[in-house]
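Here is a short briefing on one protein model. Keep the sequence and the 3D view open as you read.

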Amino acid sequence: MHPAYATTDHVFEVPLDHDDPAGPTLRVFAREVVDPARAAEPLPWLLYLQGGPGGKSPRPVHGSPGWLDQALRTHRVLLLDQRGTGRSTPVTARTAARFGSPERLAAHLAHFRADAIVRDAELIRRRLCGDTPWDTLGQSYGGFVTLSYLSYAPEGLRRCHVTGGLPGLTATADDVYAHTSPRVRDRVLGLYARYPGDAARLRAIAAKLAAEDVRLPGGDRLTTCRLRSLGLALGMGDGYERLHWLLDEAVEDTAEGGGLTDTFLHQVEALTGFTDNPLFAVLHESIYAQGAGPTAWAAERALAALPEFAEDAEPLLLTGESIHPWMFEEIAGLRPFAGAAELLARRTDWAPLYDPARLAANEVPLAAVVYHDDMYVDAGISLATVRAIGAARAWVTNEWEHDGVSASGGRVLARLMDMTAGRA
């Protein structure tokens, strides 16, 4: 128990495939958090749906995540480690290697999308709340899960709050990257405008990687492709500064000149290694798949069609929230998933994640903040989705980036709660 919070750990056994309840099972972990002064009260529940895919729920530290204290004023919060993450029968490089074949691993991983997460949540709700519906807060991918929840189990929901995570109900992975790739370009150019020396630093590092065999602490070779994937951080509120200060310490300042520092190499490995969240890479494009053909490495194809993203273009552009085949060759934590990732990229029989007709008739209050300049989730697609959902309201702002629900210190969540309660 943290002094500021009363916490209770819960572990549930759920079917790997909810359509086969007698088959293999998984462990799903969730942490209940409540204000100690109100622990005995019958407070409404708020289920937190983490971003990702593949991200575990945050671990509560006083004042962090930034929305938690706001939520605890009125709710008992459940921090869910979605299946495969954190303490929920984790999917890791080590466990992936035990499957013996790409086909078996791909069949297993196909059960880790939003539809399965919703069915886990409903099983958990019934055990904790009986027939009482609960509220949700969905951050980023958690918003995708929220719309699957509203599509297939709306009876479990009282009010829904979404931050930076409204998907297109029929948008394909190709549609998503067609909209977001220009935003990535603009964000990188924004970095160079704010810190003019960073373009030259990155180009110099890329030249060094092309000329030398530079190894990360774990043994992977650092390539220009992997270097460019650092651009994933640019969609967060502190992304420019985080990347700038990383580059600031990249090159040794010695009489012998110019090697890459241990500090830089260590941080690059941590930021690009997917050690804690391989599902982010393995399932990333499948979160958009709904039977409209294979995803077929949509991000790779999208960037290949844009000359400004060529490796020899000037300035050198970083990449954003995109997953590429080379990652499963070059990154040790992803190599055991390589064959399965290829099979998932070719798969065509994905089940629908959303029910547009049911969402149009939705009566559960839904309030969503749409970040106008979001690098990861296109605002135009999000607003089209709001118009297609009953009882949905949107708040559009450029005051925060994608991490606004935490960076705002609870202000974003407070406003969304006011919206679903009819106070705003």
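The largest share of the lining of the second largest cavity comes from H14, with three residues. This is a predicted model.

**Second largest cavity**
- The volume of the second largest cavity is about 100 Å³.
- Its lining has 13 residues, and Val282, Glu285, Ser286, Trp297 and Ala341 are the closest to its centre.
- Two elements give two or more residues to this lining: helix H11 (278–282) and helix H14 (338–346).
- Sorted by class, the lining of the second largest cavity holds nine nonpolar, three polar and one charged residues.

**Largest cavity**
- Seven cavities of 30 Å³ or more turn up in a search of the whole structure.
- The largest cavity has a volume of about 130 Å³.
- It is lined by 17 residues. Nearest its centre lie Tyr177, Thr180, Val184, Glu321 and Ser322.
- Helix H6 (173–194) and H12 each supply at least two residues of this lining.
- H6 gives the most, with five residues.
- The lining of the largest cavity has 10 nonpolar, six polar and one charged residues.

**Second largest pocket**
- The second largest pocket has a volume of about 520 Å³.
- Its lining counts 25 residues. His18, Asp19, Asp115, Ala116 and Arg119 lie nearest the centre.
- H4 provides the largest share of this lining, seven residues.
- By class, the pocket lining has 13 nonpolar, two polar and 10 charged residues.

**Nonpolar cores**
- The largest nonpolar core has 78 residues. Leu109, Trp134 and Phe328 touch the most other members.
- Helix H4 (residues 114–129) contributes the largest share of this core, seven residues.
- A second, separate core has 33 residues, including Val184, Tyr195, Val268 and Leu316.
- Which residues does Trp134 contact, leaving aside its neighbours within four places in sequence? The list is Trp45, Leu47, Leu78, Ala121, Ile124, Arg125, Cys129, Tyr149, Gly156, Leu157, Arg158 and Arg159.

**Helix H10**
- Phe264, Leu265, Val268 and Thr272 are buried in helix H10 (residues 262–272).
- Why do the buried residues of H10 line one face of the helix? Seen down the axis of H10, they fall within an arc of 95°, so they line one face.
- Asp262 and Ala270 are exposed, on the face of H10 turned away from its buried side.
- The buried residues of H10 pack against helix H7 (197–211), H8 and H9.

**Leu246, in helix H9**
- Leu246 lies in helix H9.
- Its relative accessible area is 6%, under the 20% cut-off, so Leu246 counts as buried.
- Leu246 and Leu265 are 19 residues apart along the chain, and their C-alpha atoms are separated by 9.8 Å.
- Leaving aside neighbours within four places in sequence, Leu246 is in contact with Leu230, Phe264, Gln267 and Leu271.

**Ser229, in a loop**
- Ser229 is found in the loop between helix H8 (224–228) and helix H9 (239–248).
- Is Ser229 buried or exposed? Ser229 is buried, because its relative accessible area of 12% is under 20%.
- Not counting residues up to four places away in sequence, Ser229 touches Thr272, Thr319 and Met327. Thr272 is one of the buried residues of H10.

**Leu316, in a loop**
- Leu316 lies in the loop between helix H12 (298–304) and helix H13 (327–330).
- With a relative accessible area of 2%, Leu316 is buried. Leu316 also belongs to the second core.
- Where does Arg203 sit relative to Leu316 in sequence and in space? They are 113 residues apart in sequence and 6.4 Å apart in space, C-alpha to C-alpha.
- Leu316 touches Val188, Tyr192, Leu202, Arg203, Ala206, Arg228 and Glu311, not counting residues up to four places away in sequence.

Terms used: Residues are numbered from 1 along each chain as its sequence is written. This is a predicted model: local features need pLDDT of at least 70, side-chain atom pairs count only at pLDDT 80 or more; totals for chains, interfaces and linings use all residues. Side-chain values use heavy atoms; hydrogens and water are left out. A nonpolar core is a set of buried Ala, Val, Leu, Ile, Met, Phe, Trp, Tyr and Cys residues joined through side-chain atoms within 4.5 Å. Buried means under 20% relative accessible area, exposed over 50%, partly exposed in between (1.4 Å probe, protein chains only). Helices (H or I, at least four residues) and strands (E, at least two) are DSSP runs, numbered from the N terminus. Contact means heavy atoms within 4.5 Å. On a 1 Å grid over the protein atoms alone, a cavity is a set of points where a 1.4 Å probe fits but cannot get out, and a pocket is an open set with protein on both sides within 12 Å along at least five of seven lines; lining residues have an atom within 4 Å of a point. Grid points are joined across faces, edges and corners, and a volume is the space filled by probe spheres set on the points. Ala, Val, Leu, Ile, Met, Phe, Trp, Tyr, Cys and Pro count as nonpolar, Asp, Glu, Lys and Arg as charged, and the others, Gly among them, as polar. The arc is that of the directions from the helix axis to the C-beta atoms.
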